[in-house]
Each structure stands twice: as structure tokens, then as C-alpha cells.
Amino acid sequence: MLRLEPDLDVVAEVGTGTEVLPAARRTSPDIALLDLQMPDRDGLTVAADLRRELPGCRTIICTTFSRPGYLARAMSAGTAGFVVKDSPPEQLVDAIRRVYSGLRFVDPALAAEALAAGTSPLTEREADVLRAAAEGGMVADIARALRLSQGTVRNHLSSAIGKTQARTRAEAARLAKANGWL
């Protein structure tokens, strides 16, 4: 679809997150269009890498995950745009043109939802502990992996459970992930 636009040139296409940075180094794009979930590496990590290594390349996330938490994390990673895949094609083209001109672009419906939802209630450490808990490890395993005491892990889990209004750490991790906080 983008190749049909007379003022847009697609200079590279890759299939995995690992391939993005080498392709970007080779082609020096103005904009990288990334998905949140790509094979090998997620789009937020790739966006941060691009920002650090190729600061002239701006990034747009185009994804099926229309959640306020993902939008906030994408903006924190330095992306300049966030478009939902089921948006009209014209919206993606408009986003690319706006970002190219130095502006930011966020899917309007998602922007309204994000404002209504507010920010993640989890601290960065609580999110780290929930991510580790989501993998099913015991408190001792999580503590060892994150280099924390078991008591600190229990405290973070308890706080995260309370903030997500969950009954268990597995439910807290699931709810946090569903909201885009992890």
C-alpha cells in the first residue's frame, strides 16, 4: 500500500526485530514502521535501539494491540507515532507524513482511551517482578533472577496484586499484561 504513494519510498522490509537495526544502518531511513510484537525482538526495544544508534530515524508503531499501556510505553521508548492496524490505510499514510514533518501522531481513539485510563499504577520494579512471576517461577527464583531478597519480591508482588485488584500474582500479571503495563 505504501508503495502506491508517490511521495513515499519503502527502502527496506524485514521479517524480525533482529533484522531492523542492520537494515536501518544500511538504508538510513527517515522512518521505521515497527510492530509491538515481532519475532526475536519486540518493537519497543527496537525503537529504543534505533533512537540511540540512528537518532535521525523516527519510529512509528503499527500494531493490533490498541491499549493505553502500550501507547505510554511506546512514547517512553521514543516513538513518534502509534497507529492501530485496523485503522483506515489513509491514517497510516497520514501518520507517516506527519512524523516525517517532525510531528507526533497517535491513533485518535486510542489517545482518548489513554487519557481516560491514566498511567500504569505499577512501579518499574513491580512490573519487573510481575514479568518474572508471569513465567511461573517461585519467589526464590524471581529473587535470584532479579537480585532481590525474597521479602522484597513478596512485597512487590503484594503491592502489584493490590494495585491491579487481582487475587493472585498470576492474575495480576495477566491483568497488567492485558492493560499493556508489562
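**Close-up 1. Cys62, a buried cysteine.** With 12% relative accessibility, Cys62 counts as buried (under 20% relative accessible area; over 50% would be exposed and anything in between partly exposed, using a 1.4 Å probe and protein chains only). Cys57 is buried too, at 7% relative accessibility. Keep in mind that this is a predicted model, where local features need pLDDT of at least 70, side-chain atom pairs count only at pLDDT 80 or more, and totals for chains, interfaces and linings use all residues. Residues are numbered from 1 along each chain as its sequence is written, and side-chain values use heavy atoms, with hydrogens and water left out.

Close-up 2. A disulfide here means a pair of cysteine sulfur atoms within 2.5 Å, and searching the whole structure turns up 0 of them. In general, a disulfide is a covalent bond between the sulfur atoms of two cysteines.

Close-up 3. S2 covers residues 58-63 (strands are DSSP runs of E, at least two residues; helices are runs of H or I, at least four; both are numbered from the N terminus). Because 5 of its 6 residues are buried, S2 is largely enclosed by the rest of the structure. S2 pairs with S1 (residues 31-34) in the parallel sense over 4 bridges; to pair, two strands need at least two bridges found by DSSP. Look for Ala32, which stands opposite Thr59 in S2. S2 also pairs with S3 (residues 81-84), again parallel and over 4 bridges, and there Ile60 has Gly81 as its bridge partner.

**Close-up 4. The whole sheet, out to S4.** How many strands form the open sheet? There are 4, in the order S1-S2-S3-S4, with parallel pairing. S1 and S4 (105-106) are the edge strands, each pairing on one side only. S3 and S4 are joined by 2 bridges, and Gly81 stands opposite Phe105 in S4.

**Close-up 5. Helices H2 and H3 between the strands.** S1, H2 (residues 43-53) and S2 make a right-handed β-α-β unit: with the strands pointing away from the viewer, the path from the first strand over the helix to the second runs clockwise. S2, H3 and S3 make a right-handed unit as well. H3 spans residues 68-76, and its buried residues are Pro68, Gly69, Tyr70, Leu71 and Ala74. Just after H3 comes Gly78, with a positive phi of about 95 degrees.
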